[in-house]
Amino acid sequence: MILLAAVAGSAALALAACSGAAESETSDSAAGESHTLRLAINQTEDYPSTIALTSFGERLTAATDGRWSIDVYPNEQLGAQAEALQLVSDGAVDLAIVAGPQLENLNKDFVVFNLPGVFNSDEHEMAVVNDPDITGDLYASLEDQNISVYGGFTAGMRGVYTAEGPIMVPADLAGMKIRVQETDTMVRMIELMGGKATPMSFGEVYTALQSGVIDGAENAEPSYVTQKHNEVAKYYSYTNHLINTDYLVANTDLMASMSDEDQEVFRTEWETTLDEYMAMWDESIATAITDAEASGTIFTNPDQAAFADALAPLAAETITNDVQQKLYDDAIAAGK
Ligand code: GCU
């Protein structure tokens, strides 16, 4: 209910502006029924996933002879991730990109892929989170909540950025309020790293940094720059404490309403979307670094081992059942 009340604001207005229907927009054309799927994402238009998803929609339209299209709504226009996820479950929004911590709030087993140290590179992460042998049961587990998970993009290796800085060792974070994504695991992560965690949605971070409500945040370079956080937090420290995943989620009933043939096309084009994303990803990091440096960001290399040591207890504290342990072991094995 609280979530629904929160949605009543901007997201509801945006939805009303779309079509007012609680399902994918449907219209008839000479070629038969055509459906436009609404996809919610919190990134800007120029972020690599927004670009790759827009092209996903174009390819889907072409490959289904116009039966299925995607309208991408960037910048939290359909709500921040927690709200967008609820709207997908309700069927008011068809597709969304949500980060791992949001899924952990629906099924705790997702926590494994949100743990520091589980992935050693973006490529390792992509190989695990898009391997059906490892993730099949996990991704199917949300279908009783009407959410289908298709796989994910790397959101990159994260550093900590602060207005006053730099952060070189965990003690430098003492007393600092650092924004995290909204889960207990992320709160605990920052506590172990030496800081005080402040959970909030992505779109609130710029103003919180600017006003001094928080002292810093943590993310990869492309998010740091596309969100303009470099304007209000000049010290970016390569703590490399976490790699996050952005999952594609869809309303399960809606996907079941597609013909088998169109579902197959959807999956194939989604696979291509992952490749397109990865083809842009490294360059988007390089561009972000160049842009940030030009705007005065100071990048530093802290004592990464000190942060890894501080975070070492988190996996043992967090993993509480055999399913999680197997996911963890499979993920680690895939990185060797
Ligand atoms: C990254 C990620 C987003 C996530 C954000 C955050 O930018 O791609 O999906 O919402 O981090 O920290 O909230």
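## Where α8 meets α13

M189, L192 and M193 in helix α8 meet F307, A310 and L311 in helix α13; meeting, or contact, means heavy atoms within 4.5 Å. Sorted by type, the residues of this contact are 6 nonpolar, no polar and no charged. For that sorting, Ala, Val, Leu, Ile, Met, Phe, Trp, Tyr, Cys and Pro count as nonpolar, Asp, Glu, Lys and Arg as charged, and the others, Gly among them, as polar. This is a predicted model, where local features need pLDDT of at least 70 and side-chain atom pairs count only at pLDDT 80 or more, while totals for chains, interfaces and linings use all residues. Residues are numbered from 1 along each chain as its sequence is written, and side-chain values use heavy atoms, with hydrogens and water left out.

How are two packed helices described? By the angle between their axes and the distance between the axes. For α8 (residues 184–193) and α13 (residues 304–311), the axes come within 8 Å and cross at roughly 125°. Axes here are lines fitted to C-alpha atoms, for helices over the stretch in contact, and angles run from 0 to 180 degrees between N-to-C directions. The pair is therefore oblique: angles under 35 degrees count as roughly parallel, over 145 as roughly antiparallel, 65 to 115 as roughly perpendicular, and the rest as oblique. The crossing of α8 and α13 is right-handed, meaning the near helix is turned clockwise from the far one by less than a right angle.

## How covered is α8?

In α8, 7 of the 10 residues are buried, so the helix is largely enclosed by the rest of the structure. Buried means under 20% relative accessible area, exposed over 50%, and partly exposed in between (1.4 Å probe, protein chains only). The buried residues of α8 are T185, M186, V187, M189, I190, L192 and M193.

## Helix α6 and its partner α12

Now for α6 (residues 122–129). Helices (H or I, at least four residues) and strands (E, at least two) are DSSP runs, numbered from the N terminus. α6 packs with helix α12 (residues 260–294) at an angle of about 160°, with the axes 12 Å apart, so the two are roughly antiparallel to each other. Their crossing is right-handed. D122, E123 and M126 of α6 make the contact with L274, M278, W281 and I285 of α12. By type, that gives 5 nonpolar, no polar and 2 charged residues.

α6 is mostly covered too, with 6 of its 8 residues buried: D122, H124, E125, M126, V128 and V129. The cover over those buried residues includes α7 (132–140), β5 (147–162), β9, α12 and α15 (322–334).

M126 sits in α6 and is buried, with a relative accessible area of 10%. Setting aside neighbours within four places in sequence, M126 is in contact with G152, F153, T154, L274 and M278. By contrast, the C-alpha atoms of M126 and E164 are separated by 34 Å, with the two residues 38 apart along the chain.

T245 belongs to strand β9 (residues 235–251). Is T245 buried or exposed? T245 counts as buried, at 0% relative accessibility. Which side chain makes a polar contact with the side chain of T245? That of E125, at 2.5 Å. A polar contact is a pair of N or O atoms within 3.5 Å; within protein, one must be able to donate a hydrogen and the other to accept it, and residues adjacent in sequence count only if both atoms are side-chain atoms. Not counting residues up to four places away in sequence, T245 touches V98, A99, G100, F119, E125, V129, G152, F153 and A155.
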